[in-house]
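Let's take a walk through this structure together. Keep the sequence and the 3D view side by side as you read.

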Amino acid sequence: MVSLSMAPVNIFKHGADEERAETARLSSFVGAIAVGDLVKSTLGPKGMDKILLSGGSGGTVTVTNDGATILKAIGVDNPAAKVLVDLSKVQDDEVGDGTTSVTVLAAELLREAELLVSRKIHPQTIISGWRKATQVARDALREAAVDHSNDSARFQEDLLNIARTTLSSKLLTHHKEHFARLAVDAVIRLKGSGNLDAIHVIKKLGGSLTDSYLDEGFLLDKKIGVNQPKRMENVKILIANTGMDTDKIKIFGSRVRVDSTARVAEIELAEKEKMKEKVDRILKHGINCFINRQLIYNYPEQLFAQAGIMAIEHADFSGVERLALVTGGEITSTFDHPELVKLGHCKLIEEVMIGEDTLIHFSGVAMGEACTIVLRGATQQILDEAERSLHDALCVLAQTVKEPRTVYGGGCSEMLMAKVVTDLANRTPGKEAVAMESFAKALTMLPTIIADNAGYDSADLVAQLRAAHQENRTTCGLNMSEGTVGDMAALGITESFQVKRQVLLSASEAAEMILRVDDVIKAAPRKRVPDHHPC
């Protein structure tokens, strides 16, 4: 008689799917490695770009080599691939750069794990070895980090080097000197607060990338109302989010019966009186500039013009939020208690021309660190990619101001970590040593991919780099301008310690989580129920 425990029992709903043991693990490995292979050609200063074409008839074109942007745009179905997509998103939110590195490192770790599992090494043994390897790699990175925060001149040079290194793998690489200076000046103005909301980036078509500049003030891409002052000094600003468009009859969903057109005029007059009262309440705040998130119709605009008030309408929500932040005001919706409203202040508001467009310039704002970076470029795609590149540089610099330690780039830090992990593996008995060696091999793959993407002989370069580190030349890395091994300290190829540490920890944690999986259960698809009550 066959034992009941041997008979296959399906406990899931009809339509649910399950992958077990090796099948589940292989499915996870394949998905994660495919995501790593997708973005690894964008890694390094000679990395290639991807064109992302969105669906639909009017599909937008995005040209980028930013790992997070690429992975955000693609729809993935594999659960392990989704983990890596989320990983790059978190890296982008946390430190702003290293999104490609973290995805590639996690994928390479899983590629090594696949080989180890096929050699019948248990996943828990691999994880145990990886954890010890991560710890010694982290300690080595910490010891190699340098801190120049006490010397302002050297620290500023560090910031410039970090900005140059970050921008060298982006579209702005040919103008990295110009944009590195721009980014460092903007971040230094923050005086260590790290509040990137105070840095406003405006994109204007026309000119070339080198025409981009930093403006010490706040620029709003809107227009001042008709017949209103175009220049104003010592300004008190009321920032509002309120409806100023009720000077026409708008009684929706109801019918009004009148016996003559005079009655319609009466209703219009009542609406106008209501709007006049609202404008009077606003004027009682003692302001000379009114900025509204919503539209301001002709009648209230005319009332503001008569009172000599500058009125700016339809400032988008992010613009209003940032304006409230930099002028020191608060967004208001009701105007019954002027004494409770916090007004914004600035010394001068005037109109300025950028290209063919007129913008409103706020100078002498309450938040002295506020500034605007104006980006110029030939096409919208160039401007969008320039903004993404600059955003990465600004995020990394803001993190470096908070955590001033720096490490060397160009594959130097990865090779340094791989060396200490290999040394640990040589001292460790048992199968864990094999897992540690695989971890070191995955770390070595990053400089290998950087060299491959530049079209150089990666095997030769990485062998030279490994030999240099064995001789304790710990500042050696890959010089991708000449295709040689060079001194990163002399070349000024510097990266943020925070970014490197986050790449190491996030990639090892994500790879460990995927490696633990031995069962993938997919829920049954929801049945489509016919709609018997169409609207």
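This is a predicted model: local features need pLDDT of at least 70, side-chain atom pairs count only at pLDDT 80 or more; totals for chains, interfaces and linings use all residues.

Residues are numbered from 1 along each chain as its sequence is written, and side-chain values use heavy atoms, with hydrogens and water left out.

Start with the overall layout. The chain is divided into domain 1 (17-147 + 408-522) and domain 2 (218-367), with bounds that come from an automatic or database domain assignment. Over C-alpha atoms, the centres of domain 1 and domain 2 are 52 Å apart.

Now find helix H16, residues 497-515. Helices (H or I, at least four residues) and strands (E, at least two) are DSSP runs, numbered from the N terminus. The 19 residues of H16 reach 27 Å from first C-alpha to last, close to the 27 Å expected at 1.5 Å a residue; that expected span is 1.5 Å times one less than the number of residues. In H16, 15 of the 19 residues are buried, so the helix is largely enclosed by the rest of the structure. Here buried means under 20% relative accessible area, exposed over 50%, and partly exposed in between (1.4 Å probe, protein chains only).

Next come the salt bridges, each a side-chain nitrogen of Lys or Arg within 4 Å of a carboxyl oxygen of Asp or Glu. The structure holds 28 of these salt bridges. In one of them, the closest N and O atoms of Asp392 and Lys170 are 2.8 Å apart. Asp392 sits in helix H11 and Lys170 in the loop between helix H6 and helix H7, so the pair ties together parts 222 residues apart in sequence. Asp392 is buried at 2% relative accessibility, and Lys170 is buried at 9%. Elsewhere, Asp37, Lys40, Glu108 and Arg111 are linked in a network of salt bridges.

Finally, look at two loop residues. Most residues other than glycine have a negative phi. Lys120, however, has a positive phi near 65 degrees; Lys120 lies in the loop between helix H4 and helix H5 and is exposed at 69%. Asn472 also has a positive phi, of about 65 degrees, and lies in the loop between helix H14 and strand E16. With 56% relative accessibility, Asn472 counts as exposed.
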